[in-house]
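Take a moment with the model below.

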Amino acid sequence: MQHYDVIVIGGGHAGCEAAAAAARLGAKTALFTLNIGMIAQMSCNPAIGGIAKGHLVREIDALGGIMAEVADRTAIQFRLLNRSRGPAVQSPRAQSDKKLYRQEMQALLRRIAHLTLEQGEIAALQIKGGKVCGVVLDDGRPISCRAVVLTTGTFLNGLCHVGEQKFISGRAGEKAALQLSGSLRELGFSLGRLKTGTPPRLDAGSINWGRFEAQRGDPQPTFFSFRSHQVVQPQICCWIAYTNPRAHEIIRRNLDRSPLYGGEIVGIGPRYCPSFEDKVVKFPERERHQLFLEPEGLDTNVIYLNGLSTSMPVDVQKAVLAEIEGLEKAVMIRPGYAVEYDFVQPAQLQPTLETERVQGLYHAGQINGTSGYEEAAAQGLMAGINAALQIAGRGPLLLSRSDGYIGILIDDLITKGVDEPYRMFTSRAEYRLLLRIDNADRRLMPYGHRLGLISDSTYREFEAKWARVDQAVDWLRRHYLKHDSPLLPHLLPTIGVEPGTSLALLLRRPQVRIEEMAPVFFEHGFRLSADELESVETQVKYEGYIQQQLRDVERLRGLEGKKIPAHFNYQGVEGLSREMVERLSRVRPASLGQALRIPGVTPAAVAILSIQLERRRLASASPS
């Protein structure tokens with residue numbers, strides 16, 4: 001019988017990261033997918049990153065994942081979002097060449113030792129004694145393994161909708177995985193139904209480009225990978241368009257033909273990326289909605305109409321396009337559609353992303369109720385790492401909410417579960433000033449290096465970089481403005497600084513930017529890159545806030561350090577209401593900190609629980 005250490009099911013962004021991580025950690029790994037040629041396909045928008053999503057990609061890179069470097073190599077436009085706001089919420093986004101991204105990722109995976117790419121549908125899991133021991137293909141062939149990572153995306157019982165038409169598919173033109181859901185239900189997992197959608201794709205040659213506002217990329221790109229240093233692909237322009245009341249009225253007149261509003265779609269859609277018909281119905285006061293025309297690549301005429309996700313009938317979609325200025329004669333290459341799919345409630349997972357019900361079974365990506373390539377890739381990386389570590393007899397990699405957005409993502413999923421597709425936002429981070437894109441390597445690269453996913457040479461570069469930054473910050477604190485300082489003539493008239501002011505205090509002034517102090521750095525022998533200068537500025541300007549958040553983190557660690565036994569009996573705790581017992585018993589938090597984050601669990605209940613745990617600790621410690 002064929003055997004692997006780790007079998008990854010699904011070739012999307014989660015599957016790619018899971019398979020690469022497990023194999024690079026020495027596990028004999030197979031990635032099974034329905035179509036090898038579609039591994040790493042960008043099913044929806046041809047872009048990586050965005051608000052908070054860019055943070056995730058930086059963290060994936062810092063841990064030794066692969067999405068960032070592939071995104072940088074195939075990017076055809078780079079943009080740093082929220083540039084005018086504080087460093088905590090600035091996030092990179094890149095328009096990608098869709099075909100190149102898929103090709104680059106597949107080529108990278110094929111170069112990884114211990115990794116095999118297999119084409120086939122997994123019909124069932126084999127379980128023995130509560131542990132995964134193998135899988136069964138749809139042709140009946142068994143394959144043994146020690147761990148399985150499920151990354152099924154939208155393919156689990158996938159059902160696509162275009163108006164009154166519906167067809168079984170995990171993605172337009174591709175077959176769905178129909179048998180695995182039944183296997184999961186038989187194992188006792190709680191499954192639900194979610195929905196996502198895509199917009200129409202248009203022929204670039206049929207568009208009146210002169211009617212749109214150009215959206216150009218940044219002249220100095222912000223890369224995802226800490227190892228990227230130059231732009232590889234030619235850079236392109238995207239365009240901004242708007243809907244109008246005429247297009248909205250077409251939607252209103254045809255709502256009875258919408259599968260979303262006609263009751264055909266039962267899955268819950270993403271709140272923060274609604275369909276166009278949802279926008280029209282839920283925001284009737286809006287006279288227009290913004291759209292983005294995004295090329296899908298350098299050698300294709302396909303344009304992705306971001307912002308017009310819809311499952312309306314084809315004739316309605318064409319009528320809407322004809323009312324939008326500049327798209328009056330646009331040719332629709334492919335209509336928008338919605339896809340429903342099964343997911344498994346993530347509250348049934350451990351912090352490692354291993355299921356509580358079956359040992360050796362890990363879930364990552366949309367099967368956990370998330371949306372987005374970046375959220376999927378982050379989970380895939382963590383699941384692949386932890387599957388390989390478990391097989392090797394090593395301790396798991398667990399990230400806290402103060403370690404990174406990946407820690408927040410996993411903690412939210414396993415603690416709160418989902419009732420709609422989960423999307424990462426910077427607002428989900430309690431300590432977002434600590435979790436910036438510029439310091440993702442400082443926070444997480446030591447983990448990646450200890451695991452063996454970050455090379456020694458990369459790690460030495462990382463250490464040297466932060467040594468330069470720390471030395472510069474320390475120098476600013478210890479040096480003061482002098483009467484003959486070259487900075488004084490420029491700064492005195494504007495902000496009234498006096499000789500004797502420390503350079504660190506000077507930099508904290510909102511009017512002063514690090515670029516104005518760069519000549520002084522160079523004069524004293526510092527050689528800092530633009531990114532390093534920004535890190536220096538952030539550490540100095542926000543020092544007080546950063547120190548406060550660090551103190552908050554220490555207080556939180558006190559609660560996280562108070563562990564709750566896995567089989568703790570909440571019903572036996574006097575003073576806990578029935579509601580609190582039900583909520584705690586359902587999630588079974590690993591610590592008091594996690595218990596406090598469960599929706600509906602009160603601080604008073606956690607205080608009662610803390611007292612009870614302390615009593616039990618003292619009782620077990622006292623001599624009999």
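Contact here means heavy atoms within 4.5 Å. The model is a predicted one.

In α15, the residues I514, A518 and F521 meet L533, V536 and E537 of α16. By class, this contact has 5 nonpolar residues, no polar ones and 1 charged. Two packed helices are described by the angle between their axes and the distance between the axes. For α15 and α16 the angle is about 110°, and the axes lie 11 Å apart. Angles of 65 to 115 degrees count as roughly perpendicular. The two helices α15 and α16 are therefore roughly perpendicular to each other. Their crossing is right-handed.

Now move to α11 and α12. Helix α11 covers residues 440-451, and helix α12 covers residues 456-478. They pack at an angle of about 155°, with their axes 11 Å apart. That makes α11 roughly antiparallel to α12. The crossing of α11 and α12 is left-handed. On the α11 side, the contact is made by D441, R442, M445, P446 and H449. On the α12 side, it is made by D456, T458, Y459, F462, K465, W466 and D470. These contact residues of α11 and α12 divide into 5 nonpolar, 2 polar and 5 charged.

Stay with α12. This helix has 23 residues. From its first C-alpha to its last, α12 reaches 33 Å, close to the 33 Å expected at 1.5 Å a residue. Which residues of α12 are buried? They are T458, Y459, F462, K465, W466, V469, A472, V473, W475 and L476. An α-helix has 3.6 residues a turn, so residues three or four places apart point the same way. What covers the buried residues of α12? The cover includes α11, α14 (503-508), α15 (514-523) and α16 (530-541). Here the helices described above come together: α11, α15 and α16 are among those that cover α12.

Last, look at a loop. G50 sits between β3 (47-49) and α2 (53-63). Is G50 buried or exposed? Buried means under 20% relative accessible area. G50 has a relative accessible area of 6%, so G50 is buried. Leaving out residues up to four places away in sequence, G50 touches L81, S91, P92 and R93. K329 lies elsewhere: G50 and K329 are 279 residues apart in sequence and 31 Å apart in space, C-alpha to C-alpha.

How values were computed
Residues numbered from 1 in each chain as written. Predicted model: local features only at pLDDT ≥ 70, side-chain atom pairs only at ≥ 80, totals over all residues. Heavy atoms only, no water. Axes fitted to C-alpha atoms, helices over the stretch in contact; angles between N-to-C directions. Helix = DSSP H or I, 4+ residues; strand = E, 2+ residues; numbered from the N terminus. Parallel < 35°, antiparallel > 145°, perpendicular 65-115°, else oblique. Left-handed = near helix turned anticlockwise from the far one by under 90°. Nonpolar A, V, L, I, M, F, W, Y, C, P; charged D, E, K, R; others polar. Expected span 1.5 Å × (residues − 1). Buried < 20%, exposed > 50% of the residue type's maximum accessible area, 1.4 Å probe, protein only.
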